[in-house]
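Colleague: I would like to go through this structure with you, moving from one topic to the next. Could you put it on the screen?

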Amino acid sequence: MNNTLRAFSALSKREIWEHRSFWIVPAVIGCLGILFTLYGSGALLVAAHQGMINFNSDVTFMDSTAGIRAFIFGSAALFNTVMLFMVWFYLMDSLYADRKDRSVLFWKSMPVSDTSTVLSKLFTGMVTAPALMLVAVILTEIITGFLLIIALSIAGVSILGLAFQPGTILMAWMTLAFALLVQSLWLLPFFGWFLLCSSWARKLVLAWAVLIPMGAMIVERLFIGTHHLSDVIFGHIAKLFTMVMSGHYSVNGVSIGSGIGVGDKPDVFDGHSALMTMGSLVHMFFQPEMWIGIAIGAVFVVGAIWLRRNRSEI
Amino acid sequence: MSMLVQARGLSKNYGILRALDKVDFDIEEGRIVGLIGPNGAGKTTALKAILGLTNFNGELDVLGHDPRISRRRLMQDVCFIADVATLPRWLKVADAIDFVEAVHPRFSRARAVHFLGRTKISKKAKVGQLSKGMVTQLHLALIMAIDARLLVLDEPTIGLDILYRKEFYSNLLNDYFDEKRTILVTTHQVEEVEKLLTHLMFINNGKLVLDDSMEGVAEKYTEVLVPADKVSAAQGFNPINEREVFGKKLFLFEGTERDKLAALGEIHTPSIADLFVAKMQGAMQ
């Protein structure tokens with residue numbers, strides 16, 4: 001391995017040593033998910049035993065494919081929401097905490113460039129954290145999936161034949177992985193902004209990171225009377241969730257997230273899946289906002305690197 | 001002998017405060033230089049400039065690099081311990097070794113493990129679980145395992161108890177220092193480094209007030225314990241400092257020939273601490 005790569009991988013590992021929550025939190029969510037599934041399966045078995053529920057037996061193969069995808073993406077959603085908050089706070093802290101406790105003086109005594117340091121933090125937020133989350137999601141889904149299949153078969157419904165679709169499952173996981181990457185790129189302007197604030201603030205990073213954009217929005221509204229900035233910022237986030245999460249890139253918010261239940265009506269809409277697909281994700285790269293966002297994010301990251309070079313203590 | 005550090009007109013302002021005021025100095029290979037000054041004199045600013053941690057005006061060449069531009073490259077040949085306990089609390093000892101090994105081309109794991117083996121530090125421990133003295137031992141073990149040309153120490157033993165302080169410097173001298181290495185140290189505990197140093201620099205109000213080898217200092221500065229009857233004769237030689245000791249007067253002379261002073265009383269080479277006090281008081285008057 002060449003030296004820069006070796007150093008970069010050490011820097012990335014160092015981030016996980018410090019922020020073990022990136023794997024502990026997904027692991028805990030996964031364990032809770034498994035516990036709930038166990039409880040749910042038990043309740044299901046009791047209900048079935050008492051004849052309180054009847055299973056609809058006309059589930060088609062098409063329905064079940066949609067169901068599998070809904071299960072895989074749906075259970076990832078909670079992990080993802082928590083992960084995004086963790087990454088947000090992580091990035092705000094990443095170039096500030098070591099200046100606060102003066103350990104920056106140790107890190108800077110090593111032959112590592114400030115560019116590598118800042119990029120390793122960005123990499124941790126954009127790639128490592130989602131990757132660790134993905135591992136937890138996949139393990140949780142395998143375990144909870146098996147629990148459900150077993151519980152249902154004990155209850156007299158064998159869905160193994162319908163649920164065991166390796167191609168669909170694998171494709172859904174790959175789509176999920178790609179979605180996480182698209183999400184990171186789409187959110188780059190936010191990540192860059194948090195790094196910049198983290199590199200700049202002498203205290204209260206959160207206040208700078210939130211109050212500056214809020215202040216700018218208020219000033220715009222009061223003195224110019226428009227609200228373009230808030231439209232752009234909140235619109236950017238909203239677009240991610242309507243487009244990536246639902247795959248509805250040609251619809252105005254109609255029926256998002258509907259029709260995903262097994263035995264319910266199939267999740268087909270306008271010929272597109274109501275859930276994200278590789279196609280709907282690739283479509284994100286044809287949005288000008290993606291590239292404008294990446295450019296703005298890059299400017300913020302360069303600013304963070306410059307500040308890191310010139311501001312070693314608080 | 002090659003020149004490791006060359007500063008010409010080195011200046012740094014913090015607002016209206018002149019932390020460094022057009023300072024010139026050279027540090028040659030194989031020296032152990034003590035940079036001594038009161039708080040706020042500019043010591044740390046000078047070190048930060050050398051280490052590429054701050055911007056400055058003037059010229060500064062460290063091992064052929066401009067520290068402002070190539071800190072990464074410079075840190076392959078320069079090590080520093082800035083203050084005690086700058087190792088992060090969450091870092092595990094074993095991970096610290098792995099990290100430095102991965103990023104530093106001149107780090108020897110075997111040497112680090114050897115130095116750590118002489119301490120009570122467990123490899124599984126986190127820095128936060130170690131005492132301040134042990135954190136310093138760990139930091140020193142990591143740094144001594146790096147084959148660097150210049151080692152910069154900024155108050156490396158402040159707040160440590162006497163056992164750790166003695167051990168720190170004896171390790172440094174016995175296991176690290178040789179004619180290929182150079183050490184630049186700042187400290188308030190002057191007595192501790194006195195016997196180590198080959199060169200001495202005093203800094204006050206951003207200016208160098210003394211820059212000499214220890215032999216030079218011994219030649220130039222003489223302390224004379226003068227009995228009461230010869231006090232006025234001694235004052236005739238323009239001492240830079242005088243104080244009373246056991247009913248006699250202790251005078252400090254700069255550049256006066258020892259032969260002439262020997263007639264006045266018992267002569268010594270002043271301690272760094274006494275010389276420092278004399279120089280700083282002189283600057284204040």
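**Strands and helix packing**

Modeller: Strand 10 of chain B pairs with strand 12 (residues 248-254) of chain B in the antiparallel sense, over six bridges. Please bear in mind that this is a predicted model.

Colleague: Which residue is the bridge partner of B:Leu225 in strand 12 of chain B?

Modeller: The partner of B:Leu225 there is B:Leu250.

Colleague: How many bridges join strand 10 of chain B to strand 13 of chain B?

Modeller: Three bridges join strand 10 to strand 13 (residues 266-268) of chain B, and these two strands run antiparallel. Within strand 13 of chain B, B:His268 is the bridge partner of B:Glu223.

Colleague: Why is strand 10 of chain B described as largely enclosed by the rest of the structure?

Modeller: Strand 10 (residues 221-226) of chain B has six residues, and five of them are buried, so the strand is largely enclosed by the rest of the structure.

Colleague: Let us turn to the two chains. How many residues does each of chain A and chain B give to the contact?

Modeller: Chain A contributes 21 residues and chain B contributes 21 residues. On the side of chain A that touches chain B, helix 1 (3-18) and helix 5 (104-107) of chain A are the elements that give two or more residues. Helix 1 of chain A supplies the largest share of that side, seven residues. By class, that side of chain A has eight nonpolar, six polar and seven charged residues.

Colleague: At what angle do helix 1 of chain A and helix 3 of chain B pack?

Modeller: Helix 1 of chain A and helix 3 (residues 93-103) of chain B pack at about 155°, and their axes are 8 Å apart. Angles over 145 degrees count as roughly antiparallel, and these two helices are therefore roughly antiparallel to each other. Helix 1 of chain A passes helix 3 of chain B in a left-handed crossing.

Colleague: Which residues make that contact?

Modeller: From helix 1 of chain A they are A:Arg6, A:Ala7, A:Ala10, A:Arg14 and A:Trp17, and from helix 3 of chain B they are B:Asp95, B:Phe99, B:Ala102 and B:Val103. These residues divide into six nonpolar, no polar and three charged.

Colleague: Now chain A by itself. How far apart are the axes of helix 6 and helix 13 of chain A?

Modeller: The axes of helix 6 (residues 114-154) and helix 13 (residues 288-310) of chain A are 9 Å apart, with a packing angle of about 130°. The two helices are therefore oblique to each other, and helix 6 of chain A passes helix 13 of chain A in a right-handed crossing.

Conventions: Residues are numbered from 1 along each chain as its sequence is written. Chains are lettered from A and ligands numbered from 1 in the order in which they are written. This is a predicted model: local features need pLDDT of at least 70, side-chain atom pairs count only at pLDDT 80 or more; totals for chains, interfaces and linings use all residues. A residue is buried if 20 or more other C-beta atoms lie within 10 Å of its own, exposed if 12 or fewer, and partly exposed in between; C-beta atoms are placed from the backbone. Helices (H or I, at least four residues) and strands (E, at least two) are DSSP runs, numbered from the N terminus. Two strands pair if DSSP finds at least two bridges between them. Two residues are in contact if their C-beta atoms, placed from the backbone, lie within 7 Å. Ala, Val, Leu, Ile, Met, Phe, Trp, Tyr, Cys and Pro count as nonpolar, Asp, Glu, Lys and Arg as charged, and the others, Gly among them, as polar. Axes are lines fitted to C-alpha atoms, for helices over the stretch in contact, and angles run from 0 to 180 degrees between N-to-C directions. Angles under 35 degrees count as roughly parallel, over 145 as roughly antiparallel, 65 to 115 as roughly perpendicular and the rest as oblique. A crossing is left-handed if the near helix is turned anticlockwise from the far one by less than a right angle, and right-handed if clockwise.
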